[in-house]
Amino acid sequence: MEINFKEISPRERYKLLSSTVIPRPIALVSSTGPDGVDNAAPYSFFNVFSEDPPLVILGLQNKEDGSSKDTARNILDTGEFVVNLIDRQMAEAMNNCAVDFPPEVSEFDVTGLNRAPCKMIDVKRIAEAPVALECRQTFTIKLNRNRDICLGEVVYMHVRDDIIDAKTRRINIENYEIVARLFADYYAGITDPFALQRIDMPEWYDQWLKN
Ligand SMILES: Cc1cc2nc3c(=O)[nH]c(=O)nc-3n(C[C@H](O)[C@H](O)[C@H](O)COP(=O)(O)O)c2cc1C
């Protein structure tokens, strides 16, 4: 099948892209709203893009009337947010955070997720999150009336002690039950990691000669 993206609707593009570019990590983004309301919402148009500067990117879609979601508005207002990564135990709470609650309702209160303080920014992180990245907005691009792209710099990381070795900074993958988004209502954990050794050009040539 060949698909010309200029000939299909945005909805079809969404379905095709979001169901083929998988799994996508989920940022359960916490931010501070007007009157200090602690907001949390999941975003799977998310990833990390560089380490110097350490950048994350969020794809924030506006509501149907063109108004910003709470997360987008809070980031624009305060310039700060936390990317909380989620594990299997948090999956249902994450899903409940996607309910379109009014801005004055805190998803922490309705889901039972606990607040924890941040070190560098004035936002609450999620205490249960295995990893939380404190971020400062670098800039937000208003692509069109439907979509903002937010770039944020990671300024501080909280990570559960059993996940990263303090000396080597290596991950203990068995303890990190991270959940990613597949498509529609489907999610996945990491169940069959495998390794491939990186090789350089001489090694590749040796292997090629042997075959
Ligand atoms: C797993 C998951 C991933 C989502 N990813 C996105 C996303 O990348 N961009 C987006 O605009 N909305 C996404 N949503 C929908 C928002 O979470 C939802 O609109 C939420 O109510 C926004 O909350 P807020 O107004 O507090 O920011 C996602 C929902 C779920 C369940």
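These questions and answers cover the ligand and the pockets of a predicted model.

Colleague: Which element gives the most to the shell around the ligand?

Modeller: The shell has 19 residues, and Pro42, Tyr43, Phe45, Gln61 and Thr71 come nearest. Strand S3 (38-43), strand S5 (54-61) and helix H2 (70-78) each supply at least two residues of that shell. With four residues, the top contributor is S3.

Colleague: How much of the ligand's accessible area does the protein cover?

Modeller: Start with the polar backbone atoms. One of Phe45 lies 2.8 Å from a ligand oxygen, and one of Gln61 is also 2.8 Å from an oxygen atom of the ligand. At Gly59, a backbone N or O atom lies 3.0 Å from a ligand nitrogen. On its own the ligand has 640 Å² of accessible area, and the protein covers 88%.

Colleague: What volume does the largest pocket have?

Modeller: The ligand takes up the space of this pocket. Its lining counts 45 residues, with Tyr14, Phe45, Gln61, Lys69 and Arg147 nearest the centre. By class, 23 are nonpolar, ten polar and twelve charged. The space in the largest pocket is about 1,600 Å³.

Colleague: Which element gives the most to the lining of the second largest pocket?

Modeller: This pocket has a volume of about 570 Å³. Of its 24 lining residues, Leu85, Val131, Leu133, Met157 and Tyr176 are closest to the centre. S4, S5, strand S9 (131-142) and S10 each supply at least two lining residues. With five residues, the element that gives the most is S4.

Key
Residues are numbered from 1 along each chain as its sequence is written. This is a predicted model: local features need pLDDT of at least 70, side-chain atom pairs count only at pLDDT 80 or more; totals for chains, interfaces and linings use all residues. Side-chain values use heavy atoms; hydrogens and water are left out. A residue is near a molecule or strand if one of its heavy atoms lies within 4 Å of it. A polar contact is a pair of N or O atoms within 3.5 Å; within protein, one must be able to donate a hydrogen and the other to accept it, and residues adjacent in sequence count only if both atoms are side-chain atoms. Accessible areas come from the Shrake-Rupley method with a 1.4 Å probe; for residues, only the protein chains shown count as cover. On a 1 Å grid over the protein atoms alone, a cavity is a set of points where a 1.4 Å probe fits but cannot get out, and a pocket is an open set with protein on both sides within 12 Å along at least five of seven lines; lining residues have an atom within 4 Å of a point. A molecule sits in a cavity or pocket if more than half of its atoms lie within 2 Å of its grid points. Grid points are joined across faces, edges and corners, and a volume is the space filled by probe spheres set on the points. Ala, Val, Leu, Ile, Met, Phe, Trp, Tyr, Cys and Pro count as nonpolar, Asp, Glu, Lys and Arg as charged, and the others, Gly among them, as polar.
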